[in-house]
Amino acid sequence: MKPTVSIIIPTYNRANLLKRAIESILKQDYENIKEIIITDDGSTDNTKEIVKEFQERDKRIIFVENTKYKKGPTGNKNNGLDYATGDFVGILDDDDELLPDAISKLIDIHLKFGYKHIFANCLRSDTKEFTGKSYGKSEEVKYEDILCGKYEGEYWGIVSRDLIGKERFFDDTYGGESLLWWKLYKKTPAFYLNEPIRIYYVEDEMRVSKKYLKFPERSFLNYKYTLDLYGDDLLKFCPKKFIKICFLAAFFARIGGKYFKALKYTVFSFKTQELFFLKIFALFLFFLPIPSKILIFLYQFFKRFKKIF
């Protein structure tokens with residue numbers, strides 16, 4: 001028998017968009033989807049009623065509310081993971097959709113090669129371009145590849161539930177899913193399928209990826225924990241990426257009003273010899289009494305030049 005799959009859809013106050021995500025799972029050509037777990041983070045719209053309508057159509061749909069973890073994207077995903085019982089787990093944002101053969105393509109890779117973590121690319125809803133870096137081929141992906149940014153952007157994949165085990169996301173971060181995924185990559189290589197299997201909708205202003213600046217304290221923790229867990233590996237394999245993470249920790253600390261934490265993580269970046277003058281510039285920038293709005297403008301401007309790292 002082919003492996004069973006649990007799909008988790010975290011949601012919060014987006015009932016109309018949620019319909020599209022659920023429908024895309026119901027249209028999958030893979031016959032062994034065991035359950036579709038809708039984990040709700042305290043919605044005040046008609047999310048529960050919408051899910052109930054779907055439950056009348058398909059008994060695999062489970063509705064659970066997040067009362068155990070801190071409110072936010074990562075805590076809500078943890079709640080879904082606690083209910084998953086399939087051999088593999090996939091997490092789909094509530095405003096996106098999978099193409100009909102998404103899961104079957106990933107499972108085929110597992111059955112053929114044995115990988116426990118398989119992911120593929122996505123298509124932007126507006127331009128139909130890939131949302132993740134691509135090198136024109138499918139291939140094995142090692143921990144150092146992910147750590148050093150060979151694969152960055154939006155992808156979608158499935159992971160063996162045995163590989164996840166009792167590991168969970170940090171629910172005090174805002175986003176920060178890579179803190180868990182990198183740990184899994186460190187355990188075993190993954191496989192990248194160079195095909196699009198998900199449509200990534202960029203129009204929604206409520207996307208998590210557009211709200212990091214509204215939660216500077218929790219966004220800061222994304223990078224603090226990254227340095228705590230992976231700082232030594234970053235220094236060893238990709239020191240420029242280490243500097244980038246230090247700068248991001250300092251930036252979010254600074255716009256959150258934590259001047260000395262901003263100074264601390266800027267100083268951390270001096271653990272490597274790379275980009276010395278850029279680090280001197282950052283040291284002054286983060287410690288001067290510059291309005292946060294200007295720092296945010298500079299952050300968004302310099303994001304265009306991320307290839308410097």
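Is Cys122 buried or exposed? Cys122 is buried, with a relative accessible area of 0%. Keep in mind that this is a predicted model. Searching the whole structure turns up 1 disulfide, and Cys148 and Cys238 are the two residues that form it.

**The disulfide**
- The sulfur atoms of Cys148 and Cys238 sit 2.3 Å apart, which makes the pair a disulfide because the cut-off is 2.5 Å.
- The torsion about the S-S bond is -80°, and the link between Cys148 and Cys238 is left-handed.
- The bond ties together distant parts of the chain, with its two cysteines 90 residues apart.
- On one side, Cys148 belongs to the loop between helix 5 (143-147) and strand 8 (155-160); on the other, Cys238 belongs to the loop between helix 8 (216-237) and helix 9 (239-255).
- Cys148 has a relative accessible area of 30%, so it is partly exposed.
- Cys238 comes in at 9%, so it counts as buried, the threshold being under 20%.

**Other cysteines**
- Cys246 is buried, because its relative accessibility is 0%.
- Cys122 is also at 0% and buried.

**A buried aspartate and its partner**
- You'll find Asp96 in the loop between strand 4 (88-91) and strand 5 (97-98).
- Asp96 has 0% relative accessibility, so it counts as buried.
- The side chain of Asp96 makes a polar contact of 2.6 Å with the side chain of Arg198.

**Strands 2 and 3**
- Strand 2 (residues 33-40) runs parallel to strand 3 (residues 61-65), and the pairing covers 5 bridges.
- To get from strand 2 to strand 3, the chain goes through helix 2 (residues 47-57), giving a right-handed β-α-β crossover.

**Positive phi without glycine**
- Asn13 isn't a glycine, yet its phi is positive, at about 55°.
- Asn13 is in the loop between strand 1 (5-11) and helix 1 (15-26).
- With 28% relative accessibility, Asn13 counts as partly exposed.
- Lys128 isn't a glycine either, and its phi is positive at about 65°.
- Look for Lys128 in the loop between strand 6 (117-124) and strand 7 (139-141).

Conventions. Residues numbered from 1 in each chain as written. Predicted model: local features only at pLDDT ≥ 70, side-chain atom pairs only at ≥ 80, totals over all residues. Heavy atoms only, no water. Helix = DSSP H or I, 4+ residues; strand = E, 2+ residues; numbered from the N terminus. Buried < 20%, exposed > 50% of the residue type's maximum accessible area, 1.4 Å probe, protein only. Polar contact = N/O pair within 3.5 Å; in protein donor to acceptor, adjacent residues only side chain to side chain. Pairing = 2+ DSSP bridges. Right-handed = clockwise from strand over helix to strand, strands pointing away.
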